[in-house]
Amino acid sequence: MKLSGTAVLGLLAPGLAAMAVLYVVPLGVYFVNSFHVFRDGRILPVWTFQTYLDYFTDPFSYKVIAESVRLSLVVTGLALAIGYPVAYALQTRVRATGTRALLALLLFSPLLVSVVVRTYGWLILLASQGLVNTALRAVGVIDEPLSLLFNTRGVVISLTHIMLPFAIFPIYSVMGRLDRDLKDAATDLGAGWWEAFRHVTLPLTMPGVVAGALICFTLALSAFVTPRLLGGGRVQVLPRMVYNNTVEINWPAGAVSGLVLLALSMAAVWALNAVLRRLPSV
Amino acid sequence: MTAPAVQVRSPVAVQEARAAAVRDAVLRTTLLLGVGFVLLPLAIVVVYSFSSVPYGVFPPPGLSLRWYGHLLGLPAFRAAFARSAVIALLATGLALGIGVLGALALVRGRFRGKELLRGFLLSPIVMPKIVLGVGWFIFFARLGLQGGILPLVLAHSIVVLPFVITIVAANLVGLDVALEEAAQDLGASTPTVLWRIVLPQIRAGVLTAGVLAFIVSFDQVESSIFLTRGENNTLPIEMFLYMEKWQDPTIAALSTLLIVFAAALVGVVLLAGRGADVRRLFPR
């Protein structure tokens, strides 16, 4: 359909108005607080960089940033390491279309259930007398139950589970568009399975891996529910700082923490997009 | 008479065939383990909802329905479920109204700065939810709009808008423009073409977008936790707050009901779209 300029404007107007009022303004009002200070339980509406200065001279801030980035990197790495072979197996080892659609739906299904429910599932699984510890002891891997809750381990396991579908699907869909002839050509020219995989499949599916990394990393970085419920007091990450600051009515500090969180997300988006542009496209 | 066929194969070929068989087995096992890992926390929640004891021990020493009974005695969860459903429905409706129009402009319109605009409209996806949550908290507090469901509906509509635009736009791309142009040439106005020609063709896509938007809205915690104050708690927030205090299987019973609810929603989409759109979500 040919759309006139007025028609385009008319179609976009409701969306732009909603985004301006309900998105740009709230974020602006929030971030403006970073230029105020919090003193004696009150926010002073003075214009200053003091809150930034306080934040970036406090060693605890760097501890939280490091913890957030490390947690997100580990979770992203694990999700990709599990997700890649699963996507590969689903794409190459399941012939029947119906079976494949069903398995894809099952792999996708946790996303339909609240993050609170999934985190609760891990709370049960990782308890000292839970399934994981009971199974490990039955097999004889451990004698004493592992402490998996209220520390980083439980958060890593649960977040990896939450991110896994986001790692699998970009890889799976890029793999589906892969030209099978390329791999066959490599095999015909005498390459073994490993050489064909290493030199053809893997490089050509890297765009999917990078896209998956992008989603996993940014989502893990801004995860709040899982670190809060499974991390106890030990896993202090940026979203928890934003939450705590806001609860303490210290909006200026919360705004700076929030901006740091946003800056880290944007940096990851920018860096991984730069990688994506340099990869061969399928 | 089958013996010669076997003898023809060289030892190298036999070795390769064996390696391929091992690889197949390993990959199939990986796939099954992956599916198992993904489903495990949901399965355990269902098992625990029937546990006879309040503490986490595997296997549960006995079975009972007491947690479902306990759940029925907690009206806060029922009210929160209804509230979440109403919020999700309203937010989805709002986002569909805005998003279908926006997607149409993005797919069919030709104007400068289109990519920039697309990036802006999709940007709530990458914005950390807790940041949005605090932003809305301050914004609605300044407006004096606190409590009730209106702030939640408005906030959720922005959270789900990018999903609606992405899915509807993907569905619009595949349409035959000739149909719309024929209608226009025959004198139909733009709104008429939209309503009578375009919309009927993307019905399944709009439904998929709507169901996804509903689910995303229903699942909001970080973006909404500062907009709720007890009287207007949504279900995930009610659950989150309950879990901070107690960890008995009442949450498991409720979670089981939610899993059934999600499965029913998927069933609706599969039936309504006859699977076509779900298959589009999982391209081969």
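This is a predicted model: local features need pLDDT of at least 70, side-chain atom pairs count only at pLDDT 80 or more; totals for chains, interfaces and linings use all residues.
Trainee: Which elements does chain A have, and in what order do they run from the N terminus on?
Mentor: Chain A holds 12 helices together with two strands. Read from the N terminus on, the order of these elements is α-β-β-α-α-α-α-α-α-α-α-α-α-α.

Trainee: How are helix H9 and helix H12 of chain A oriented to each other, roughly parallel or roughly antiparallel?
Mentor: The axes of H9(A), residues 193-221, and H12(A), residues 251-278, come within 10 Å and cross at roughly 180 degrees. Since angles over 145 degrees count as roughly antiparallel, the two helices H9(A) and H12(A) are therefore roughly antiparallel.

Trainee: How do the residues of the contact of H9(A) with H12(A) divide into nonpolar, polar and charged?
Mentor: On the H9(A) side the contact includes Pro207(A), Val210(A), Phe217(A) and Thr218(A), while H12(A) contributes residues including Leu261(A), Ser265(A) and Val275(A). Taken together, the residues of this contact divide into 14 nonpolar, two polar and no charged.

Trainee: Which helix of chain B gives the most to the side of chain B that touches chain A?
Mentor: In the contact between the chains, 71 residues of chain B meet 70 residues of chain A. The side of chain B that touches chain A divides into 49 nonpolar, 10 polar and 12 charged residues. With 17 residues, the helix that gives the most to that side is the one spanning residues 11-49 of chain B, helix H2.

Key. Residues are numbered from 1 along each chain as its sequence is written. Chains are lettered from A and ligands numbered from 1 in the order in which they are written. Two residues are in contact if their C-beta atoms, placed from the backbone, lie within 7 Å. Helices (H or I, at least four residues) and strands (E, at least two) are DSSP runs, numbered from the N terminus. Ala, Val, Leu, Ile, Met, Phe, Trp, Tyr, Cys and Pro count as nonpolar, Asp, Glu, Lys and Arg as charged, and the others, Gly among them, as polar. Axes are lines fitted to C-alpha atoms, for helices over the stretch in contact, and angles run from 0 to 180 degrees between N-to-C directions. Angles under 35 degrees count as roughly parallel, over 145 as roughly antiparallel, 65 to 115 as roughly perpendicular and the rest as oblique.
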